[in-house]
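Subject: Structure handover

Hello,

The sequence and the structure are below, for your files. My notes on them follow.

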Amino acid sequence: MAENEDGTEKSEEPSDKKLREAREKGQVPRSRELASLMMTLGAALFLYFFGIGMAEDIQKIFIAGLSFDRSHAFDTQMLANRILGLVVQAIFLVLPFLMFMVLIALVSGTLLGGWNFSTQAMSPKISKMNPISGLKRMVSMQALMELIKALGKFVLVSLVAVYFLWYSYEEILSIGVEPVKMALGHSAKMIIEAFIFVSLALIVIAAIDVPFQIHQHINQLKMTKQEVKEEFKQQEGSPEVKGRIRQLQREMSQRRMMQKVPEADVVITNPTHYAVALQYDADTMDEPMVLAIGSDFMAAQIRTMAKEHDIPIIEAPPLARALYHNAEPGRPIPFQLFKAVATILAYVYQLREGQKAKPVDFKNLPIPEDMQTEAPKGAAE
């Protein structure tokens, strides 16, 4: 089981955030054995299909290089031009092979871990120059695994090569009695076949190395339980920060509510514990709207602002409690309270128009039973 430097056990799988950060640092699973397999096998297949033709073209270049007029031998300029021309021909001959190998190298490097470019991985690190750290890496499990892989690869490739030579023993002997040109072609064909045969043996090494590299990569990035908790706090926010954010949101909401109180037509109170500011315009609204709701200190502020703007304050404890527990600022009042609120609005409009309003028992307005709540301890009824 992986451990931190302080000895704590890394028992938890790495989170998506940890994997993403590791990728940004260039830490992705890579298998050199897989890349070696792809490079070797790619080269073998290319030579299998095009090697004979390339060998014939190389033979022609050598023949052309060794066949020249006597005058060329005494003219350095002509000799240099001839050699340069042969070099260019040789370059163009092997250029497709080199381009193919570059392509294989790029593709094979991304088969495990995908394409990843990280400037952090390219930046120099002084810690890598520490000889003590270097010695630790030399005696680490990683170094031991690399040694085992190298020995295993050597033994396996040697066994495959010996088997191929034993299997092709008679065919190899037959090359000695063939004409020179045929023998050269036959030898080239057998070399390419041996190359492919040996390359296939690397599949075994790659099949072992790829799962090991993935397992080791995940194991290196494993997290302790404390690291998981800390990351969760960072993503979700600590309780203190979240509480502070909620407090600021409440304060902003309360400020917005208080800014709308001057637009209210009436404020209904408990009279001290609750206060609800309502607005209703028959020309623009289908139903009364709740502008502000508050209890205790907020309720006192709503009452104070209502007095400053000459807004009627009606003491209707049951209705105030029902609105406080069932209504929301910025939304219409619950339809179950329409009749009770309409009674108060009618009373307020009569007062506003200077009419003599009929007495209303605000403590006994029609409030549905499921919306009736008990008065807070110490509240006036």
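To start with a loop, Asp310 sits between α12 and β4 (313–315); helices here are DSSP runs of H or I with at least four residues, strands are runs of E with at least two, and both are numbered from the N terminus. Its phi is near 55 degrees, which is positive although the residue is not glycine. Asp310 counts as exposed, at 70% relative accessibility (exposed means over 50% relative accessible area, buried under 20%, partly exposed in between, with a 1.4 Å probe and protein chains only).

Before the rest, a note on the origin of the values. This is a predicted model, in which local features need pLDDT of at least 70 and side-chain atom pairs count only at pLDDT 80 or more, while totals for chains, interfaces and linings use all residues. Residues are numbered from 1 along each chain as its sequence is written, and side-chain values use heavy atoms, with hydrogens and water left out.

Asp296 is another non-glycine residue with a positive phi, of about 50 degrees. It lies in the loop that links β3 (289–295) to α12 (297–308). With a relative accessible area of 48%, Asp296 is partly exposed.

On the chain as a whole: DSSP gives 14 helices and four strands. Of its 381 residues, 31% are buried. The accessible surface is about 25,200 Å², and carbon and sulfur atoms hold 62% of it (Shrake-Rupley method, 1.4 Å probe; for residues, only the protein chains shown count as cover). Among contacts with a separation of 6 or more, 74% are between residues 24 or more positions apart, where contact means heavy atoms within 4.5 Å.

Next, the helix packing. Two packed helices are described by the angle between their axes and by the distance between those axes. The axes are lines fitted to C-alpha atoms, for helices over the stretch in contact, and the angles run from 0 to 180 degrees between N-to-C directions.

Helix α2 (residues 32–66) packs with helix α9 (residues 180–220) at about 160 degrees, the axes being 8 Å apart. The pair is therefore roughly antiparallel (over 145 degrees; under 35 is roughly parallel, 65 to 115 roughly perpendicular and the rest oblique). The crossing of α2 and α9 is left-handed, that is, the near helix is turned anticlockwise from the far one by less than a right angle. In this contact of α2 with α9 there are 19 nonpolar, five polar and four charged residues. Nonpolar here covers Ala, Val, Leu, Ile, Met, Phe, Trp, Tyr, Cys and Pro, charged covers Asp, Glu, Lys and Arg, and the others, Gly among them, are polar.

Helix α2 also meets helix α4 (residues 76–110), with axes that come within 10 Å and cross at roughly 170 degrees. These two are therefore roughly antiparallel as well. Their contact divides into 20 nonpolar, four polar and two charged residues.

Last, two residues of helix α14. Tyr349 belongs to this helix (residues 338–352) and is partly exposed, at 25% relative accessible area. Leaving out residues up to four places away in sequence, Tyr349 touches Asp265 and Tyr280. Its C-alpha is 9.7 Å from that of Val266, at 83 residues apart in sequence. Between the C-alpha atoms of Ala342 and Tyr280 the separation is 9.7 Å, and along the chain the two are 62 residues apart.

Regards
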